[in-house]
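Let's take a walk through this fold together, one piece at a time. Have the model open and turn it as you read.

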Amino acid sequence: MGPALFELSTMIFKRTDLAALARPFLEKLSVQVEETVILGATENNHLKFLEVIEARKDLKISSHVGAKIPITVGATGKVVLSFMEDNEIVNLLSDKGLPQFTEKSITDTNLFLREVAKVRQQGYALDFDEYLKGTMAVAAPIRAGKRLIGVVWIVSFTSAMDDAKVAEIAAQVTNTTKLISRLIQSEIVPI
């Protein structure tokens with residue numbers, strides 16, 4: 001199937017299907033990294049939480065299905081915007097801005113563009129205290145071809161992370177999103 005037809009056929013794929021399809025992978029990831037795992041998809045200018053698998057420990061980051069965050073924040077924002085051209089990002093940011101949630105929030109457009117370029121190169125994004133003080137996130141895209149379908153990310157306390165653990169989590173998250181992406185491509189029915 002040609003690229004244009006493939007892109008069109010991905011529109012058939014429903015987000016509710018994404019949560020059901022991804023859940024076993026997300027549960028496995030949560031056990032592997034021992035942290036909370038969230039699945040989200042874009043909705044207008046937000047990322048809506050479609051699934052939340054909480055870590056199986058007493059002290060953890062928590063949220064709920066249906067929660068929303070702006071598409072311009074933290075690791076998830078970097079992943080979402082990495083699917084846009086730089087001029088589109090600049091236009092979006094000139095309209096929406098880069099809000100400062102903490103003292104580590106990236107509010108400079110050029111610095112944010114450099115972070116997005118890193119995501120395009122390495123396939124995942126990091127966020128240390130940029131959205132919520134004391135928390136960190138590692139996020140990676142679920143894709144169908146060149147189209148963003150969703151984002152998977154883990155959230156943890158910044159104090160619980162070191163370089164080795166962050167690298168391990170990044171590898172696990174990107175591996176999980178690749179597996180989900182492959183499964184989605186096998187589920188998409190051409191129109």
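In which sense of crossing, left-handed or right-handed, does H4 pass H5? Keep that in mind while we get our bearings; we'll come back to those helices below.

First, a word on what you're looking at: this is a predicted model. The chain has 6 helices and 6 strands. If you take the contacts in the chain with a separation of 6 or more, 61% come from residues 24 or more positions apart.

Now find the sheet. Its 6 strands form an open sheet with antiparallel pairing, and the order across it is S3-S2-S1-S6-S5-S4. From one strand to the next, the twist averages 30°. As background, strands of a sheet pair through backbone hydrogen bonds, in either a parallel or an antiparallel way.

S4 pairs with strand S5 (residues 135-144) over 4 bridges, in the antiparallel sense. If you want a landmark there, look for phenylalanine 128, which stands opposite methionine 136 in S5. Packed on the sheet is helix H3 (residues 74-81), which touches strand S1 (36-43), strand S2 (46-53), S3, S4, S5 and strand S6 (147-157). The direction of H3 makes about 155° with that of S4.

Next, move over to S1 and S2. These two run antiparallel and are joined by 7 bridges. Their hairpin has 2 residues between the strands, and asparagine 44 there takes a positive phi near 60°. Glutamate 43 has histidine 46 in S2 as its bridge partner. Histidine 46 also stands opposite proline 70 in S3, and S2 and S3 are joined by 3 bridges, again running antiparallel. How covered is S2? Mostly: 6 of its 8 residues are buried.

Back to the helices. H3 packs against H5 at an angle of about 70°, and their axes are 9 Å apart. The two are therefore roughly perpendicular to each other. On the H3 side the contact is made by Gly77, Lys78, Val79 and Leu81, and on the H5 side by Phe112, Glu115, Val116, Val119 and Arg120. Sort the residues of this contact and you get 5 nonpolar, 1 polar and 3 charged.

That brings us to the pair we opened with. Helix H4 (residues 86-96) packs with helix H5 (residues 109-122) at about 140°, with the axes 11 Å apart. At that angle H4 and H5 are therefore oblique to each other. And the crossing in which H4 passes H5 is right-handed. Asp86, Ile89, Val90 and Leu93 of H4 make the contact with Thr109, Phe112, Leu113, Val116 and Arg120 of H5. Here the residues divide into 6 nonpolar, 1 polar and 2 charged. Look back at the H5 side and you'll find Phe112, Val116 and Arg120 in the contact with H4 and in the contact with H3.

Key. Residues numbered from 1 in each chain as written. Predicted model: local features only at pLDDT ≥ 70, side-chain atom pairs only at ≥ 80, totals over all residues. Heavy atoms only, no water. Pairing = 2+ DSSP bridges. Axes fitted to C-alpha atoms, helices over the stretch in contact; angles between N-to-C directions. Contact = heavy atoms within 4.5 Å. Parallel < 35°, antiparallel > 145°, perpendicular 65-115°, else oblique. Left-handed = near helix turned anticlockwise from the far one by under 90°. Nonpolar A, V, L, I, M, F, W, Y, C, P; charged D, E, K, R; others polar. Buried < 20%, exposed > 50% of the residue type's maximum accessible area, 1.4 Å probe, protein only.
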